[in-house]
Amino acid sequence: MNISEHYTRLRAQVPKDQPASSIRVFGCLLGTLEGRNVDIANSFEVKASTTDGTNYTFDVEFLKTRLEQYKKVFKDYDLLGWYSTGSGVQGGDEVLHRLIGEITESPMYLVLNPTPDAAAQDLPIVIYESVMHIVNDNPTMQLEEASYKIHSIDSERISVDHVANISSTGDGPEGAALVSHLHGQRSAVKMLSDRIQVVQAYLVAVQRGDIPADQAVLRQINGLCNSLPTAAASGKFSEDFLRDYVDTLMVTFLTSVTQSTGTINDVIDKFHMAYERYARRRGIF
């Protein structure tokens, strides 16, 4: 799901006339390793650059920094390999695979096909493992397909089923109850906005003298406008509005505190690292 979200987000940022096959995303796989059993549980994105659209290279420093950050949160997870999108192993993938092999031993390579055959029954995922073969009396690393199983928890199955039940157009009886409710709310808000624009255009035209003023219509508009402050003057409305406003400010404040705490922790870690090196040079330890 992380890889699919990564590709979908990048696909939405490029022109629609650009072919989907020319878009590739890259990242690293995290999980646990027990004997021959590899459990891929998470992933993160990796910066990749290319000059010819075929051969890519990773930002190794960014990769190592992100891996270190994830290791602080997921201490039981190790780097298991990397992923990309495409119809299979592309040119230059073995170079990237060897690059990952310098960071972790025997990395896995997961390929997600973002444009699978509509009649396909299996997931468009292929996992490759590193295998050494003797080619011309020289040991050569090659990629071979590996079998896999997909395990999911209840929350993941519910979310996937929810997304699968939504039609591609977003409207239809097969949509989930929440989606139908949101479509209804959107239609109501759009209708209200259209009617307000009609009233506004009428008042502007009357003010400019383009059309004669209809006193009955103006009284109705005035009565409608006079009824609006009634809700604002209500004590319950003011109380509810103030509570929501305070809650929003509190969430914003907590977000700022969390970001500041993370920045302070980074500064403290760097300070301790620099001070420890300085103390060792001075012979304090």
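In this predicted model, Arg243 and Glu239 are joined by a salt bridge, with an N to O distance of 3.1 Å; a salt bridge here is a side-chain nitrogen of Lys or Arg within 4 Å of a carboxyl oxygen of Asp or Glu. The two residues lie four residues apart in helix 7 (residues 235–282), so about one helical turn separates Arg243 from Glu239. Helices (H or I, at least four residues) and strands (E, at least two) are DSSP runs, numbered from the N terminus. Arg243 is partly exposed at a relative accessible area of 40%, and Glu239 is likewise partly exposed at 46%. For these classes, buried means under 20% relative accessible area, exposed over 50%, and partly exposed in between (1.4 Å probe, protein chains only).

Residues are numbered from 1 along each chain as its sequence is written, and side-chain values use heavy atoms, with hydrogens and water left out.

The structure contains eight salt bridges. One of them pairs Asp93 with Arg24, whose closest N and O atoms are 3.3 Å apart. This pair links distant parts of the chain, with Asp93 in helix 3 (residues 93–101) and Arg24 in the loop between helix 1 (2–11) and strand 1 (26–34), 69 residues apart. Asp93 and Arg24 are both buried. Another salt bridge brings together the side chains of Asp78 and Lys71, at 2.9 Å from N to O. Here Asp78 is partly exposed, with 38% relative accessible area, and Lys71 is partly exposed, with 31%.

Turning to the strands, six of them form an open sheet of mixed pairing in the order 2-1-5-6-7-8, where two strands pair if DSSP finds at least two bridges between them. Strand 2 (37–45) and strand 8 (138–146) stand at the edges with a single partner strand each, so one side of each has no neighbour in the sheet. On average, neighbouring strands of this sheet are turned by 30 degrees against each other, direction ignored. Axes are lines fitted to C-alpha atoms, for helices over the stretch in contact, and angles run from 0 to 180 degrees between N-to-C directions. Strands 1 and 2 run antiparallel and are joined by eight bridges; Leu29 has Ser43 in strand 2 as its bridge partner.

Conventions. Predicted model: local features only at pLDDT ≥ 70, side-chain atom pairs only at ≥ 80, totals over all residues.
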